[in-house]
Amino acid sequence: MDKQDKQDKHPNTDNFFAAVAEKSHGAALRGDYTHADAEYVVRQDWQAYTPEQHALWRRLYQRQARLVPGRACDEFLKGMAKLDAAAGIPDLAQVSDILSAATGWRLVAVPGLVPELTFFTHLAHRRFPVTVWLREPEEFDYIVEPDLFHDFFGHVPLLLDPVFADYLQRYGQAGLKALKLDGLEYLARLYWYTIEFGLIQTPQGLRIYGAGILSSGGEVEYSLHSPLPHRIPLDVERVMRTLYKIDTYQETYFVIPNFQQLFEETEPDFTPVYARLKALAALPADTLLPGEAELGIAAPA
Ligand SMILES: [Fe+2]
């Protein structure tokens, strides 16, 4: 799609491609945005996936499915069992029917990353964007841009949990507000440290609910059992102050007691929080503040 075409179709977000190129040192996004509509939604051409791609999906799925029992939270495992996507790349429309009956969410197929306004608008309307393309075999262990496997395996199972599903919608609504309040960097950290890299303390021990961990071959074990990272109870304002790294395992994980508390902590209006944070320096990812108690390493699964 040429530049003018992009701008006609996506009038609010014509800086998006330029911003992505700048952040990624000139690299273009991998997806095909040519057919995306104004909300960046495309049709998932399920018939077009090759047998090799389905086989790669099965290998990715099997590896993670072996890792997550006893390590992912029960809500995730229950959702994963219900979605039953082990056999091949899922048809997003079919999965949407399961989700919408359970929690009113639907999946929308997208070419890859989408602008913040678009992303928040989808979440606020209980639509979760899922990338349509799958990584290449040589990216089995590591991929830079989120792909179909990360988006689906990591994120979709918890959309079947009513409380988490409500949290994600509230996050989208907060995002739309943050855009107007210049609070986006703070809210992005909240997403990172909860939805992508969150841990949860359960009666059975420490468990994972973050999609970035649950779709990773190595971080599942590391996040629970490595002595290196900090694991500290989640405090929303502390999280919003904390920088994160995108190219290493996390140096700090924030732990919630349950999804209800996460939901309640995001209920207040963040306007005064953003105002306070703007007066404070951001904290490096490996910070441990005086008085912060580290939680122990999880017992072996
Ligand atoms: Fe993600």
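## Burial terms and model

A residue is buried if 20 or more other C-beta atoms lie within 10 Å of its own, exposed if 12 or fewer, and partly exposed in between, with C-beta atoms placed from the backbone. The model is predicted: local features need pLDDT of at least 70, side-chain atom pairs count only at pLDDT 80 or more, and totals for chains, interfaces and linings use all residues. Residues are numbered from 1 along each chain as its sequence is written.

Arg126 sits in the loop that links helix H6 (116-124) to strand E2 (127-131). Helices (H or I, at least four residues) and strands (E, at least two) are DSSP runs, numbered from the N terminus. Arg126 is partly exposed because 18 other C-beta atoms lie within 10 Å. Its phi is near 55°, a positive value in a residue other than glycine.

Asp182 belongs to the loop between H8 and H9. Phi of Asp182 is near 60°, again positive in a residue other than glycine. Asp182 has 11 C-beta neighbours inside 10 Å and therefore counts as exposed. Most residues other than glycine have a negative phi.

## Packing of H8 with H9

Helix H8 covers residues 162-181 and helix H9 residues 184-196; the two pack at an angle of about 160°, with axes 9 Å apart. Axes here are lines fitted to C-alpha atoms, for helices over the stretch in contact, and angles run from 0 to 180 degrees between N-to-C directions. H8 and H9 are therefore roughly antiparallel to each other (angles under 35 degrees count as roughly parallel, over 145 as roughly antiparallel, 65 to 115 as roughly perpendicular and the rest as oblique).

H8 and H9 cross in a left-handed sense, meaning that the near helix is turned anticlockwise from the far one by less than a right angle; clockwise would be right-handed. On the H8 side, the contact is formed by Leu168, Tyr171, Ala174, Gly175, Ala178 and Leu179, and on the H9 side by Leu184, Leu187, Tyr191 and Ile195. Two residues are in contact if their C-beta atoms, placed from the backbone, lie within 7 Å. By class, the contact of H8 with H9 has nine nonpolar residues, one polar and no charged ones (Ala, Val, Leu, Ile, Met, Phe, Trp, Tyr, Cys and Pro count as nonpolar, Asp, Glu, Lys and Arg as charged, and the others, Gly among them, as polar).

## Packing of H6 with H8

The axes of H6 and H8 cross at roughly 145° and come within 7 Å. This crossing, too, is left-handed. H6 contributes Glu116, Leu117, Phe120, Thr121, His122, Leu123 and Ala124 to the contact, and H8 contributes residues including Leu168, Tyr171, Gly175 and Leu179. The residues of the contact of H6 with H8 divide into eight nonpolar, six polar and one charged.

## Largest nonpolar core

A nonpolar core is a set of buried Ala, Val, Leu, Ile, Met, Phe, Trp, Tyr and Cys residues joined through C-beta atoms within 7 Å. The largest one has 71 residues, and Val130, Leu159, Ile208 and Leu214 touch the most other members. H8 supplies the largest share of this core, seven residues.

Not counting residues up to four places away in sequence, Ile208 touches Arg71, Ala72, Cys73, Leu199, Ile213, Leu214, Val220, Ser223 and Leu224.

## Residues paired across the sequence

Leu60 is in helix H3 (residues 51-67) and is buried because 23 other C-beta atoms lie within 10 Å. Beyond its neighbours within four places in sequence, Leu60 contacts Phe140 and Phe149. Met80, in helix H4 (residues 74-83), is buried because 23 other C-beta atoms lie within 10 Å. From C-alpha to C-alpha, Met80 and Leu160 are 9.0 Å apart, and in sequence 80 residues apart.

Leu113 lies in the loop between strand E1 (106-110) and H6. Leu113 has 19 C-beta neighbours inside 10 Å and so counts as partly exposed. Its contacts, leaving aside neighbours within four places in sequence, are Val20, Leu29 and Glu145; the C-alpha atoms of Leu113 and Val20, 93 residues apart along the chain, are separated by 9.1 Å. Leu181, found in H8, has 16 C-beta neighbours inside 10 Å and therefore counts as partly exposed. With neighbours within four places in sequence left aside, Leu181 is in contact with Thr271 and Tyr274. The C-alpha atoms of Leu181 and His54, 127 residues apart along the chain, are separated by 43 Å.
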